[in-house]
There are 2 protein chains.
Amino acid sequence: MDALLVGPGADLRYLVDHEAPPLERLTLLLVPREGEPALVLPQLEAPLAAEAGAHAELLAWSETQDPVAMVVDRLRETGAHRGTLAVQDRLWTMFTLALQEALPEARWVPGSRVMRELRLRKEPGEIAALHAAGAAIDHVHAQVPELLRAGRTEREVAADLDALIREDHDVVNFVIVGSGPNGASPHHEAGSRRLEKGDAVVIDIGGTRAGYCSDMTRDYVVGHEPYGYGALHQVLETAQQAAVDAVAPGVTAEAIDVAARRVIEEAGYGDQFIHRTGHGIGIEEHEEPWIVAGNDLVLEAGMAFSVEPGIYVPDRYGSRIEDIVVVTETGVERCNHRPRHAIVC
Amino acid sequence: MDALLVGPGADLRYLVDHEAPPLERLTLLLVPREGEPALVLPQLEAPLAAEAGAHAELLAWSETQDPVAMVVDRLRETGAHRGTLAVQDRLWTMFTLALQEALPEARWVPGSRVMRELRLRKEPGEIAALHAAGAAIDHVHAQVPELLRAGRTEREVAADLDALIREDHDVVNFVIVGSGPNGASPHHEAGSRRLEKGDAVVIDIGGTRAGYCSDMTRDYVVGHEPYGYGALHQVLETAQQAAVDAVAPGVTAEAIDVAARRVIEEAGYGDQFIHRTGHGIGIEEHEEPWIVAGNDLVLEAGMAFSVEPGIYVPDRYGSRIEDIVVVTETGVERCNHRPRHAIVC
């Protein structure tokens with residue numbers, strides 16, 4: 001590749017420690033194969049970038065300049081304008097189409113080909129940050145039983161969780177309170193439904209603390225378990241443990257998915273485990289590696305991801321257990337340590 | 001164009017009333033030139049989309065299916081796979097590159113060529129929603145004088161504003177508290193600086209209420225005006241009024257920018273007005289039309305945008321006055337009505 005082009009987002013933070021807002025005005029870091037990186041950015045963002053000490057030469061454009069032309073000029077200096085350009089995965093397509101039109105001789109490849117190698121294996125400081133975020137979200141889950149009472153709405157519970165997460169995180173990334181039948185939709189957030197006695201409740205919460213993400217799911221029941229839930233949850237606990245036990249350097253990502261799925265399938269719930277087993281985590285809540293069938297990526301020490309099998313019974317309830325784990329030289333460490341059984345509130 | 005491809009975000013909400021999370025898993029609405037639209041989405045998002053009544057046929061893909069192949073198959077049915085495809089401006093580049101690789105015969109153009117025509121001229125219900133959002137943020141600004149006292153940090157003031165905005169908005173989009181020298185950076189948000197007597201403070205706040213955005217800036221001073229600020233602010237008020245007065249159907253967008261800039265330049269502050277005069281607003285806080293030099297778009301009834309000139313004095317203070325305005329058949333209406341002079345707190 002001849003240059004890497006990176007817009008606002010996690011990759012930019014990772015590379016030059018600059019938090020740029022995603023705007024219709026182009027901000028783009030150019031990292032040539034050789035030479036110094038340059039950050040093309042709107043003039044009105046330049047003071048903040050300079051103050052934050054972004055690790056790149058700043059090329060500010062005024063409201064009447066064409067930022068794409070600035071990018072083209074800069075790439076031309078190194079000949080990269082007719083080479084292979086890696087574009088950040090999440091750059092808005094409007095910018096990529098404008099660049100493609102202005103650079104008809106270039107070849108375009110996904111920026112993740114560069115970034116994944118950098119971000120996939122966490123350094124010791126990053127792993128410590130993931131453990132600290134894990135401890136912070138463990139502490140929030142410890143307080144969940146006080147929040148779940150029949151008559152409260154999911155949204156009320158979510159507002160309390162939001163405040164609790166904020167106590168030891170910088171940002172709340174999501175709060176899922178899936179009560180009763182709502183728990184059967186894995187990405188249901190929180191609605192107006194009131195908790196009832198006999199509800200199972202899926203609580204999946206996460207935030208960002210010192211730049212690294214937490215993400216943890218536990219199941220609760222209000223008053224007593226609904227019919228059939230106990231046996232199902234026992235299977236899920238066994239499946240999650242089997243998947244965590246399978247994690248080690250040298251094992252493939254899909255083998256972790258298989259370990260969880262086999263337990264659930266053998267118990268007859270296979271059709272109800274409708275998502276992959278996990279996703280990587282770090283400076284973003286979802287990043288590589290994907291713990292999914294078909295991913296033959298070989299795990300290495302320093303990789304971090306969620307292990308979160310779930311079983312979903314439409315119109316009745318859902319269940320999911322999620323911990324973040326880190327691959328070590330010899331096996332695996334969890335970042336979350338709260339009990340994994342369904343807690344009666 | 002043979003088809004429009006739209007991922008998660010405002011365009012998707014606008015077209016099919018579906019709020020999809022931006023994920024590494026592809027969600028993509030396919031709108032063929034003729035025939036019914038289809039929404040390709042991850043299986044685990046399908047229950048929410050069905051429940052929300054998204055106005056499109058749902059094509060759910062499971063974790064082991066290739067969603068790009070599903071898109072290609074669908075486009076092939078109408079022959080659009082070798083035609084011109086308009087891609088939503090903000091779709092992540094990773095998806096566009098994958099689609100380009102899978103559809104080498106297609107021609108790619110920005111989705112805004114379609115969407116801008118739909119979103120640029122607001123319908124009466126949309127204009128009513130903008131006025132309602134404007135009234136809600138007016139009410140927050142009315143309470144700002146109670147919040148600004150020497151000794152408080154910007155962040156404390158911002159937290160109060162966040163709570164006040166939330167009272168009559170569904171989402172808080174941004175809270176800028178630029179005190180003293182921090183006001184000189186237009187996109188400074190809120191930091192640890194404590195307000196001091198003699199500070200000028202720029203308060204720029206906005207949220208989303210019933211799907212439409214508010215965005216409003218006023219200036220305040222703590223105790224008394226800093227030296228030189230009174231004369232500067234008088235110029236700014238005149239400039240903002242001149243720009244609003246210039247708004248009418250048949251006038252170009254850049255003419256509004258010129259109207260504000262001329263007043264500021266003639267008063268000798270031209271170098272200190274470092275951004276465009278405004279941006280469109282609607283279901284997004286920043287959308288077309290851009291009120292900027294070089295934009296010869298002719299304004300029409302129903303267009304809505306901010307008019308927000310500013311003057312910035314590095315190391316000392318900033319100032320900005322912002323109202324949302326709507327072009328009417330005969331002229332212009334403001335959505336914000338609070339006084340525009342700097343209010344002494």
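What follows is a short tour, from the pair of chains down to single residues.

## Before we start

This is a predicted model, in which local features need pLDDT of at least 70 and side-chain atom pairs count only at pLDDT 80 or more, while totals for chains, interfaces and linings use all residues. Residues are numbered from 1 along each chain as its sequence is written, chains are lettered from A and ligands numbered from 1 in the order in which they are written, and side-chain values use heavy atoms, with hydrogens and water left out.

Helices and strands here are DSSP runs numbered from the N terminus: helices are H or I with at least four residues, and strands are E with at least two.

## Two copies, one rotation

Two copies of a chain are related by a rotation about an axis and a shift along it.

Which surface do the copies use to meet? They meet through the same surface, because 100% of the interface residues of chain A are also interface residues in chain B.

## The six-stranded sheet

Let's look at chain A. Six strands make an open sheet in the order β4-β3-β2-β1-β5-β6, with mixed pairing (two strands pair if DSSP finds at least two bridges between them). At the edges of the sheet in chain A are β4 (57-61) and β6 (107-110), each pairing on one side only. From one strand to the next, the twist averages 25°. Inside this sheet, β2 (residues 28-32) and β3 (residues 38-42) of chain A pair in the antiparallel sense over three bridges. Leu30(A) has Ala38(A) in β3(A) as its bridge partner. Helix α3(A) packs on the sheet, touching β1 (3-6), β2, β3, β4 and β5 (84-87) of chain A, and its direction makes about 145° with that of β4(A). Contact means heavy atoms within 4.5 Å; axes are lines fitted to C-alpha atoms, for helices over the stretch in contact, and angles run from 0 to 180 degrees between N-to-C directions.

Chain B also has an open sheet of six strands, in the order β4-β3-β2-β1-β5-β6 and with mixed pairing. Its strands β4 (57-61) and β6 (107-110) each have a single partner strand, so one side of each is left without a neighbour in the sheet. Strand β1 (residues 3-6) of chain B runs antiparallel to β2 (residues 28-32) of chain B, and four bridges join them. Across that pairing, Leu5(B) stands opposite Leu30(B) in β2(B).

## Helices that pack together

Two packed helices are described by the angle between their axes and the distance between the axes. In chain A, α3 (residues 67-77) and α4 (residues 93-102) pack at about 55°, with axes 10 Å apart. The two helices α3(A) and α4(A) are therefore oblique to each other (angles under 35 degrees count as roughly parallel, over 145 as roughly antiparallel, 65 to 115 as roughly perpendicular and the rest as oblique). Their contact joins Val68(A), Val71(A) and Val72(A) of α3(A) to Ala98(A), Leu99(A) and Ala102(A) of α4(A). These residues divide into six nonpolar, no polar and no charged (Ala, Val, Leu, Ile, Met, Phe, Trp, Tyr, Cys and Pro count as nonpolar, Asp, Glu, Lys and Arg as charged, and the others, Gly among them, as polar).

In chain B, the axes of α8 (residues 229-246) and α9 (residues 253-266) come within 8 Å and cross at roughly 155°. That makes α8(B) roughly antiparallel to α9(B). Among the residues in contact are Leu236(B) and Thr238(B) of α8(B), and Ile256(B) and Val263(B) of α9(B). By class, this contact of α8(B) with α9(B) has 11 nonpolar, one polar and no charged residues.

## Backbone details to spot

Which residues does a cis peptide bond join in chain A? The bond lies between Glu288(A) and Pro289(A), with omega at about 0°. Pro289(A) is part of strand β12 (residues 287-291) of chain A. In chain B, a cis peptide bond joins Glu288(B) and Pro289(B), with omega also about 0°.

Finally, find Asp17(A), which has a positive phi of about 60° although it is not a glycine. Asp17(A) sits in the loop between α1 (10-16) and β2 of chain A.
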